[in-house]
Amino acid sequence: MHKVLISKEIPAIAENLLKSEGFEVVTLNSDVSLSLVNNSYLKKELANTDAIISLLSDQIDQEFLKHTPKLKVVSNFAVGVNNLDLQSLKAKNILVGHTPGVLTEATAELTLGLLLMTSRSLYRASHDVYLGRWKGFEPMGHLGPSLFGKTFGIFGLGRIGIRLAEILKFGFDGKITTIKRNDQKDQSLLSSVNPKLEIVIKSEEDFLANLDFLILTAPLNEETKHWLNKERLKKLSKHTIVINTGRGELVDQDALLEALLNKDRFAYGTDVTTPEPLDPNHPLLKLPNFNVLPHIGSASIEARTKMAEICARNIISGIKNQKVIHSPIKEQEL
Ligand code: DGY
């Protein structure tokens, strides 16, 4: 019987599907995750595991793979695969699966939520009510820019970026701009984009200097790591609001802190940080123009259920047919 180890509880459909195909399933309890490779209980479990369902917080690298002599499939419960050392996995002939497509709507919706939360100070406005600080309707209270008719720059026009572009163009009459990325090997998504979106591809200078909102939805890789650095932050106009629903490491967080401290009206809204979670005493958490969510982009019931299903199907197909259904090797775009 093949054994599957699941890093943390995920929707039950995964376990049910795997069991119905004759797999033994072990789900780690909340004290142990795949990241704790030196945990003696985990070591024992890993020694006879054929497949794992990993989370984006689990580093599956050379060190980890020393403990997994029987491993045949790694099925990541995410579309992003920056937590996986793909080269080492390939070298050991371990198949890799991920969950593209099914979290597009959920993450695009959440990005819209963050846009509104950050531009219209939703978190702080709501808290004022809870804390008894709100004394009644305030004509000048919590003012922020509207989304309607604004210019949105999307860094990372993969599935999520394109869906967001549709929402902003057709729902808010937004102007959508982007730049070409060197790491964007698969141009097919961009070339099949609805021309009615009228996406303008700009030079980096022009792109950064003329934005109301900059939205980061790119995958994390060597090309995109710390893309939003000190130099690029300086090129943004003072009023640009930055939103990140990709990965925390797309942004140089120290440079961001400095920019948030120094620029009036510049605000940042993010679903992702470095590390996750941020220490509660982190200086970013003290700033009124920093808005953060706990990596919930894909946390719609529909998306997480589909992700669990695909994770299980990747393993079933990987073990039975030596081929996963969704491999990240070709699909580089979020
Ligand atoms: C992903 O899938 O990469 C998201 O960040 C989490 O669902």
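1. Two residues are taken to be in contact if their C-beta atoms, placed from the backbone, lie within 7 Å. On that criterion, and setting aside neighbours within four places in sequence, Ile 315 is in contact with Val 4, Leu 18, Ala 51, Val 73 and Ser 75. The structure under discussion is a predicted model.

2. Ile 315 also belongs to the largest nonpolar core, where Ile 215, Cys 311 and Ile 315 have the most contacts. This core has 81 residues. Helix H12, residues 301-321, supplies the largest share of the core, nine residues. Both domain 1 (3-102 + 300-332) and domain 2 (104-292) give residues to the core, so the core lies between them.

3. On the domains themselves, the chain is divided into domain 1, made of 3-102 and 300-332, and domain 2, made of 104-292. Taken over C-alpha atoms, the centres of the two domains are separated by 31 Å. Eight residues from domain 1 and ten residues from domain 2 take part in the contact. On the side of domain 1 that touches domain 2, two residues are nonpolar, six are polar and none is charged.

4. The ligand has around it Leu 56, Ala 78, Val 79, Gly 80, Leu 103, Gly 297 and Ser 298. By class, this shell holds four nonpolar residues, three polar residues and no charged residue. For reading that count, Gly is placed among the polar residues.

5. Helix H5 covers residues 104-119, and its geometry can be checked against length. At 1.5 Å a residue, its 16 residues should span 22 Å, and the end C-alpha atoms are 22 Å apart, which agrees. The expected value is 1.5 Å times one less than the number of residues.

6. How much of H5 is buried? Twelve of its 16 residues are, so the helix is largely enclosed by the rest of the structure. The cut-off for buried is 20 or more other C-beta atoms within 10 Å of the residue's own. The buried set includes the threonines Thr 104, Thr 107, Thr 111 and Thr 118. It also includes Leu 110, Leu 112, Leu 114 and Leu 115, together with Ala 106, Ala 108, Met 117 and Ser 119. Just after H5, Ser 121 takes a positive phi of about 50°.

7. Some backbone values deserve a second look. Most residues other than glycine have a negative phi, and most peptide bonds are trans. His 142 is not a glycine, yet has a positive phi of about 50°. His 142 sits in the loop between helix H6 (122-130) and strand E6 (151-155). With 13 C-beta neighbours inside 10 Å, His 142 counts as partly exposed.

8. Glu 198 likewise has a positive phi, near 50°, in a residue other than glycine. Its place is the loop between helix H8 (188-191) and strand E8 (200-201). Is Glu 198 buried or exposed? Glu 198 has 12 other C-beta atoms within 10 Å and is exposed, since the exposed class takes residues with 12 or fewer.

9. Two cis peptide bonds remain to be listed, one joining Thr 274 and Pro 275 and one running from Glu 276 to Pro 277. Omega is about -10° for the bond between Thr 274 and Pro 275, and near -5° for the bond from Glu 276 to Pro 277. Pro 275 is found in the loop between strand E11 (268-270) and strand E12 (290-292). Pro 277 also lies in the loop between E11 and E12.

Technical notes
Residues are numbered from 1 along each chain as its sequence is written. This is a predicted model: local features need pLDDT of at least 70, side-chain atom pairs count only at pLDDT 80 or more; totals for chains, interfaces and linings use all residues. A residue is near a molecule or strand if its C-beta atom, placed from the backbone, lies within 6 Å of it. Domain bounds come from an automatic or database domain assignment. Helices (H or I, at least four residues) and strands (E, at least two) are DSSP runs, numbered from the N terminus. A nonpolar core is a set of buried Ala, Val, Leu, Ile, Met, Phe, Trp, Tyr and Cys residues joined through C-beta atoms within 7 Å.
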